[in-house]
2 protein chains.
Amino acid sequence: MTDTIELVVCCDENYMPPLRTMLMSVVINNPGERFRLWLLHSTVGARALEELDSYCSLLGMRFDAVTVDREAFEEARSSKRYPQEMYYRMFAPRMITEAHSRLLYLDPDILVINPLRALWEIDLEGNSFAAASHLDAVHPATALNKVRLDTDHQYFNTGVILMDAEAARKVIVPSELLEYAQDHEYSILFPDQDLFNALYGCYTLAVKDVLWNYDARKYADYYLRTMGSSTMQWVMANTSILHFCGREKPWQQGYSGRFDALYKNYDQVAQRAFARAVAQG
Amino acid sequence: MTDTIELVVCCDENYMPPLRTMLMSVVINNPGERFRLWLLHSTVGARALEELDSYCSLLGMRFDAVTVDREAFEEARSSKRYPQEMYYRMFAPRMITEAHSRLLYLDPDILVINPLRALWEIDLEGNSFAAASHLDAVHPATALNKVRLDTDHQYFNTGVILMDAEAARKVIVPSELLEYAQDHEYSILFPDQDLFNALYGCYTLAVKDVLWNYDARKYADYYLRTMGSSTMQWVMANTSILHFCGREKPWQQGYSGRFDALYKNYDQVAQRAFARAVAQG
C-alpha cells in the first residue's frame, strides 16, 4: 500500500468550479491512489465548504479546510497591493502542522491527465521544493528575471509546487517573506512567483514542465522545442499536469485551444458529479 | 431504480482497444446507470473474451459474448464481397433472444461524452429503430441516395442504432436481407449502411446527429449549420455521442482534430484500467 498523496489548494469561492474539475481529473487519471485535499482559505463560506466536502467524499478523497485567520494575518501584512492569499501557498507547510510528509500544491486552473506518483516520490536531492520553469534557460526573460530578482536559477512557475513539509518549514521564515515583499513592493511583477523565486528558488529542484507543468497555450512551442517528439500522442501518454496559464481560461466564453474539448468534458463530468454530491448531502 | 442500458457491439480483436476506450467514456459520463454489453462476433479468441470480461467487471458492467456460428452463416451468405460481420448489427435483435427491451448498437469508434438515457428512453413513435443522418435533407447526396436505394427517407448513419428488440424482430427477415444483398451486389456502396437504409430506413425514427451521432470531423460544419450556436461549450454540454467517422482514426498516428486530446486521454484512461483488470485477472 502506498502513502496518501496530500494536495494543497488555496482559493476563494469563485474558483470552486475549476477546483472541482481539477479534482475530477486527478481521480480519473490516478486509479488506486488515495488523496487528501487541504484547502487554505480565509473567505470560503460554510455552505461551500460543506459542498466541497460532499464532493470530495463522492470522489473518495479526504478533505480538510484550514481557515486562515485573516485579522491576525492582516497585522503582519506589509503591503496593500497584493491580496494576502498570495502568501498562503508558501505558508502551507507551516499552516498544515500535521503534515510530516510531502505536500503537492496545485493551482485550480489545471487538469491532471496522467499519474502523479512519480512526481510525488521524486528525489528532491536535498531541496525543499520541486517546480518547473516555463522559460528555457536561453530565453531572454530568464536572464532578465535573474538580474531583476538577483537569482542564479531558472524562473519557476508556482502553479505546481512539490514541498517537503519538514524541510520547507526550516526555510520559510514568515517575517523574511513579509519583509521582502515590503522592500520590493514596487519592483515585483508577479507577486506569488517573484517572491517564491527570489526567496526559495535556490532550494528548488527543477522538474520538466512538459511533464509536470505543461503550459496548455504552447502546444506548438513544445512541439518545436522537442524537435517534433512531443506530439499530441506523446503529451496525452506522458504529461501529467496540464496548466491553463494566462488570462483566457477554458471555462470562460470564447476560449479555444488544443485542449478545449478535453477541459470542457472534465468540467461537465465534474459539475454533474457535484450536483449528485450536493443532492445526496 | 432505472432499467439497465443494453449495449451491442460487433467487432473483431483488432477493435478491442477502441472498444475499451468507448466503454470507459460510457461509464465516466453516465454515473448511476447500469450497463450490459453484448458482443456479437465470430472470431474473437477465448483470451480476448476473458480480458474483455475482466475489463467490464472493473467498469461494473455485465458482459455477454454471442458467438455467431460462422459456418452456419456461411451457407446463407449471398456475396463474397462483404465480410459477414456487416450483417451482425442488423441481426442483433434476433441473435440476442433474451432481449425484451431495447438494444443500443454502437460502433467502437465512438466516445460517449454525456448521458445516454434520453436516447434510451426516446419515444420511437411506433418505429422499430432510431438513428441519425449525417446529411442534411437538402444535401445533394441525400437526393442521390433516395434514387439509388429507392427510399424516401434520410440516409441514416448506422454507427448508432437504437432498436426496439421485439419490434425489430418482426421487421428483420434474414432471407430478405441476404436476398437484397445478392440482388444489389454491385450497386451497393456502403454495405452496412445501404442495406439498413434500403430495408429498414422506413421503420426508423430520425434523431438529431448533433446530439446522438456527431461526426467528429465536422465541427465547423455543425457550427455553421446551427448558425453559430453549437460552440465547443454547447457540444461538450449537450452532445452525447461523438463518432470518429471516416478513415482517419484518433488512435492512429498522424490524426489531428478538435477532439484529438479528448480521445487520447480516454484512450489512456482505458488502457491503464485494462492493464489493471488483466493483472487482477
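User: How is the packing of helix α2 of chain A and α13(A) described, and at what angle do they pack?

Analyst: Two packed helices are described by the angle between their axes and by the distance between those axes. In this predicted model, helix α2 (residues 46-58) of chain A packs with α13(A) at an angle of about 110°, and their axes are 8 Å apart. That angle makes α2(A) roughly perpendicular to α13(A).

User: Which residues make the contact of α2(A) and α13(A)?

Analyst: On α2(A) they are Glu51(A), Ser54(A), Tyr55(A) and Leu58(A). From α13(A) come Ala270(A), Ala273(A), Phe274(A), Arg276(A), Ala277(A), Val278(A) and Gln280(A). Sorted by class, this contact has 7 nonpolar, 2 polar and 2 charged residues.

User: How do I read the pair α4(A) and α8(A): at roughly what angle do their axes cross?

Analyst: The axes of α4 (residues 85-95) and α8 (residues 174-183), both of chain A, cross at roughly 165° and come within 11 Å. The two helices are therefore roughly antiparallel to each other. Their crossing is right-handed. Tyr87(A), Met90(A), Phe91(A) and Arg94(A) of α4(A) make the contact with Pro174(A), Leu177(A), Leu178(A) and Ala181(A) of α8(A). By class, the contact has 7 nonpolar residues, no polar residues and 1 charged residue.

User: In chain B, is the crossing of α4(B) and α9(B) left-handed or right-handed?

Analyst: The crossing of α4(B) and α9(B) is right-handed. Here the axes of α4 (residues 85-95) and α9 (residues 191-200) of chain B come within 9 Å and cross at roughly 35°. The contact involves Met86(B), Tyr87(B), Arg89(B) and Met90(B) on α4(B), and Pro191(B), Asp192(B), Leu195(B), Phe196(B) and Tyr200(B) on α9(B). Its class count is 7 nonpolar, no polar and 2 charged residues.

User: What lines the largest cavity?

Analyst: Chain A contributes Ile28(A), Leu262(A), Asn265(A), Tyr266(A) and Val269(A) to the lining. From chain B come Ile28(B), Leu262(B), Asn265(B), Tyr266(B) and Val269(B). In terms of elements, α13 (260-280) of chain A and α13 (260-280) of chain B each supply at least two residues of this lining.

User: How does that lining divide by class?

Analyst: The lining of the largest cavity has 8 nonpolar, 2 polar and no charged residues.

Conventions: Residues are numbered from 1 along each chain as its sequence is written. Chains are lettered from A and ligands numbered from 1 in the order in which they are written. This is a predicted model: local features need pLDDT of at least 70, side-chain atom pairs count only at pLDDT 80 or more; totals for chains, interfaces and linings use all residues. Side-chain values use heavy atoms; hydrogens and water are left out. On a 1 Å grid over the protein atoms alone, a cavity is a set of points where a 1.4 Å probe fits but cannot get out, and a pocket is an open set with protein on both sides within 12 Å along at least five of seven lines; lining residues have an atom within 4 Å of a point. Helices (H or I, at least four residues) and strands (E, at least two) are DSSP runs, numbered from the N terminus. Ala, Val, Leu, Ile, Met, Phe, Trp, Tyr, Cys and Pro count as nonpolar, Asp, Glu, Lys and Arg as charged, and the others, Gly among them, as polar. Axes are lines fitted to C-alpha atoms, for helices over the stretch in contact, and angles run from 0 to 180 degrees between N-to-C directions. Angles under 35 degrees count as roughly parallel, over 145 as roughly antiparallel, 65 to 115 as roughly perpendicular and the rest as oblique. A crossing is left-handed if the near helix is turned anticlockwise from the far one by less than a right angle, and right-handed if clockwise. Contact means heavy atoms within 4.5 Å.
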